[in-house]
Amino acid sequence: MKRKREETMRSMLSVSISAIALIAASASVAGTVKYYGDFDPAPLAAMQEIIADFEAANPDIKVEFQNFDHEGYKTSIRNFLSADAPDLANWYAGNRMAPFVNSGQFMDVSDVWEEHGLKDALASALPSMTIDGKQWGVPYTYYQWGIYYNKEAYAAAGVEVPETWDQFIENCAAFKEAGVDCVTTGTKALWPGAGIFDYLNMRTNGYEFHMALANGEVAWTSDEVKATFAEWAKLVEPGYITQNHAALDWQDAAALLVQGKAANYVMGNFAVAVFKEGGMTDETLGFLPFPTINPDVPRAEEAPTDTVHIPSGASNVEDAKKFLAYLAGADAQTKINAAMGQLPINKDASVNEDDPFIVAGFELLSTTPGGIAQFFDRDAPAEMAKMGMEGFQEFMVKPERVDQILERLEKARGRIYK
């Protein structure tokens with residue numbers, strides 16, 4: 001009898017332990033957020049700090065983070081969004097997120113934006129995070145593009161920093177007379193030329209037209225695009241751009257700016273490190289927004305934006321949304337961007353006041369009324385981006401071929417966007 005009672009007790013105890021284990025396992029799953037990303041070492045360490053801070057503030061939630069290399073991630077994301085999706089995934093804003101939105105693989109997180117006032121706090125990135133009037137993720141970092149210039153070259157030529165395109169072109173004539181390239185670039189890898197095109201098109205026709213072009217909705221042979229190339233011709237035809245740019249890498253062109261052989265460079269803020277490694281300082285290196293061409297067009301900027309999304313197959317949506325809201329906050333964005341040397345999107349975040357280029361970029365992007373473009377090879381489909389950038393390079397070498405180039409791109413549009 002005693003033995004039977006002990007066996008019954010053991011059995012009940014075993015059931016209780018199993019039940020407790022099951023409950024604990026369920027709680028663990030319910031409070032676990034799977035997050036896949038593709039960070040380099042410095043931003044990875046910063047994101048791990050953000051995750052630790054979030055977990056400290058939310059002790060019932062555990063974030064399991066898995067890091068991939070960039071190229072591997074681009075392939076992996078297409079697989080894991082279809083099967084065994086995580087709760088959070090890194091990606092990019094604008095047209096780069098559109099295929100996953102249109103295929104129903106990213107979740108609408110407009111409620112996170114509404115509940116936490118993100119349309120105000122992250123206003124500069126709102127257009128690039130919005131499709132069909134809804135928001136599909138949270139941006140956490142970007143960096144400005146613009147014109148970096150050699151202050152000593154400006155002083156030697158006796159010219160002022162321009163605000164308008166007409167003033168910029170006038171300066172170019174003075175630089176040419178002084179034997180200095182007005183604009184340098186290196187288009188051997190094609191993409192630097194796209195930065196010039198993007199700004200010329202946005203300053204001529206505005207952000208919405210530029211995005212419509214990238215989305216295949218307007219013709220490359222339209223009067224608006226021809227107007228953009230007419231402005232570009234003012235730079236190309238007189239020989240104001242470094243002549244052998246098609247044979248140069250972007251770092252080679254950076255050396256020309258450092259040496260004072262070129263006055264201006266349309267480039268992203270990541271180039272500042274290269275300029276300074278070459279010997280430039282805050283006293284010799286300057287930054288200016290791309291000048292105004294059409295004053296009736298609201299100022300838009302180029303700022304590739306990194307984002308985090310909730311896949312539609314996520315199993316812990318509630319806690320994933322809590323993490324998105326946390327990542328969108330000023331404190332988290334301040335911390336991760338300080339480590340990355342980039343810019344927070346939250347307008348209430350703070351930046352390194354000792355870095356004039358970070359300060360200038362934060363002001364520039366936080367006050368942008370016209371929208372944030374993601375760069376041509378992110379905003380346009382891959383095949384169209386490649387053909388477009390080949391066309392931009394060809395135009396800067398042979399501007400007389402503009403009509404053939406635009407006709408070729410228009411034929412490509414008819415085929416690629418079917």
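How many cavities of 30 Å³ or more are there by this rule? I get one. Before going on, I note that this is a predicted model, where local features need pLDDT of at least 70, side-chain atom pairs count only at pLDDT 80 or more, and totals for chains, interfaces and linings use all residues. Residues are numbered from 1 along each chain as its sequence is written, and side-chain values use heavy atoms, with hydrogens and water left out.

My rule for a cavity: on a 1 Å grid over the protein atoms alone, a set of points where a 1.4 Å probe fits but cannot get out. Its volume is the space filled by probe spheres set on the points, joined across faces, edges and corners.

The largest cavity comes to about 30 Å³. I find it lined (an atom within 4 Å of a point) by Trp165, Phe168, Val183, Ile196, Leu235, Val266 and Phe290. That lining splits into seven nonpolar, no polar and no charged residues, with Val, Leu, Ile, Phe and Trp among those counted as nonpolar.

Next, the sheet. I see five strands (DSSP E runs of at least two residues) in an open sheet, ordered E2-E1-E3-E12-E6 with mixed pairing; a pair needs at least two DSSP bridges. E2 (62-67) and E6 (138-142) are the edge strands with a single partner each, so one side of each has no neighbour in the sheet.

E1 (residues 32-37) pairs with E2 in the parallel sense over six bridges. I also looked up Tyr35: its bridge partner in E2 is Phe65.

How values were computed: Helices (H or I, at least four residues) and strands (E, at least two) are DSSP runs, numbered from the N terminus. On a 1 Å grid over the protein atoms alone, a cavity is a set of points where a 1.4 Å probe fits but cannot get out, and a pocket is an open set with protein on both sides within 12 Å along at least five of seven lines; lining residues have an atom within 4 Å of a point.
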